[in-house]
Amino acid sequence: MSEQNKEPEVLISVTNHVATLTLNRPRKGNALTATMNALLLQYLAQIEKDSDVRVVVLTGAGKFFCTGMDLSMAATSSSSEQDVKASFTNGLQVFETLYRFPKPVIARVNGPCLGGGVGLVFTTDIRVVHQDAYFALTEVKRGIIPAIISQYIVPELGSQKTREYMLTGRRVSAKEAQPFLSTIATTPQELDQQVLYYANMLLESAPGAMSNIKRLVDTVSSGGEAERASRVRDGVEKAYLEMMQSEEAAYGIMAFVTKQKADWSAFVKDNAKL
């Protein structure tokens, strides 16, 4: 029986006004699929309407938090412009919904975050991270770019650090990432204790005021420039479309699927002959 048939790809539980969403593909590193995205959006819509739920926790099952987009599925998907645009829209919707969610969102980072998993963390308000977790924007190793998530990462990291992390794809330890985290836990038990600590503080805050604060911070950080945000979104979409239809992406994703290391020197040499 396939993993998908055993349990839903996202689990939801609600306890004491706190809804926990658990990415549930542990054997696949909780890599994001269309089904997972749809479930996240469905559950977030339910939570938003439920006045009894005032805090959201996002976490992963198993040893990973999230390893980003499932490239094995990307390898079999259509590369037509219409389908790639649909993929962009669907993927963007998840990150935008989390980033602009009216209720506070805590990331319970139980393990490594790769690619889109890093993006998920950067959409959240409070980040509680296990000390053994690390972050890596590994897309470049597969001939792709972190297009959608760049909108949430660049404003916080700044341009120089973002370039370093995105160009190298190197691992960034929880200790190195500490300036962008809320706290680092040394054990799974402490991880849960810290999540509960923050959740309890949030439950003492007025729901409407928290929603307004999130909107206020977003407005101030963007300078209230709606036109600029639209230009950024257009640029991100253009970069995503070009990426997903590129020969580099096709080669890099196929190397991932066949469990081979991409040989970019050979790729450049072969393409120079064409």
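Arg100 forms a salt bridge with Asp218, and their closest N and O atoms are 2.4 Å apart; a salt bridge here is a side-chain nitrogen of Lys or Arg within 4 Å of a carboxyl oxygen of Asp or Glu. Because Arg100 lies in the loop between helix H4 (81-99) and strand E4 (105-109), while Asp218 belongs to helix H9 (residues 207-222), the pair ties together parts that are 118 residues apart in sequence. Helices (H or I, at least four residues) and strands (E, at least two) are DSSP runs, numbered from the N terminus. This is a predicted model, in which local features need pLDDT of at least 70 and side-chain atom pairs count only at pLDDT 80 or more, whereas totals for chains, interfaces and linings use all residues. Residues are numbered from 1 along each chain as its sequence is written, and side-chain values use heavy atoms, with hydrogens and water left out.

A search of the whole structure finds nine salt bridges. In one of them Lys161 meets Glu164 at 3.0 Å, N to O, and both residues lie in helix H7, three residues apart, about one turn of the helix. In another, the side chains of Arg170 and Glu176 meet at 2.7 Å, N to O. Salt bridges that share partners join Lys161, Glu164, Arg170 and Glu176 into one network.

Helix H7 (residues 159-168) also has buried residues, namely Thr162, Tyr165 and Met166, where buried means under 20% relative accessible area, exposed over 50%, and partly exposed in between (1.4 Å probe, protein chains only). Because they cover an arc of only 95 degrees around the axis, they sit on the same side of H7; the arc is that of the directions from the helix axis to the C-beta atoms. Among what covers these buried residues are helix H6 (150-157) and strand E8.

Strand E8 leads on to a sheet: three strands form an open sheet in the order E5-E7-E8, with mixed pairing, and two strands pair if DSSP finds at least two bridges between them. The edge strands, each pairing on one side only, are E5 (113-114) and E8 (172-173). Strand E7 (residues 134-136) pairs with E8 in the antiparallel sense over two bridges, and Phe135 has Val172 in E8 as its bridge partner.

Finally, Asn30 lies in the loop between strand E2 (18-23) and helix H2 (34-49). Is Asn30 buried or exposed? With a relative accessible area of 0%, Asn30 is buried.

Conventions: Contact = heavy atoms within 4.5 Å.
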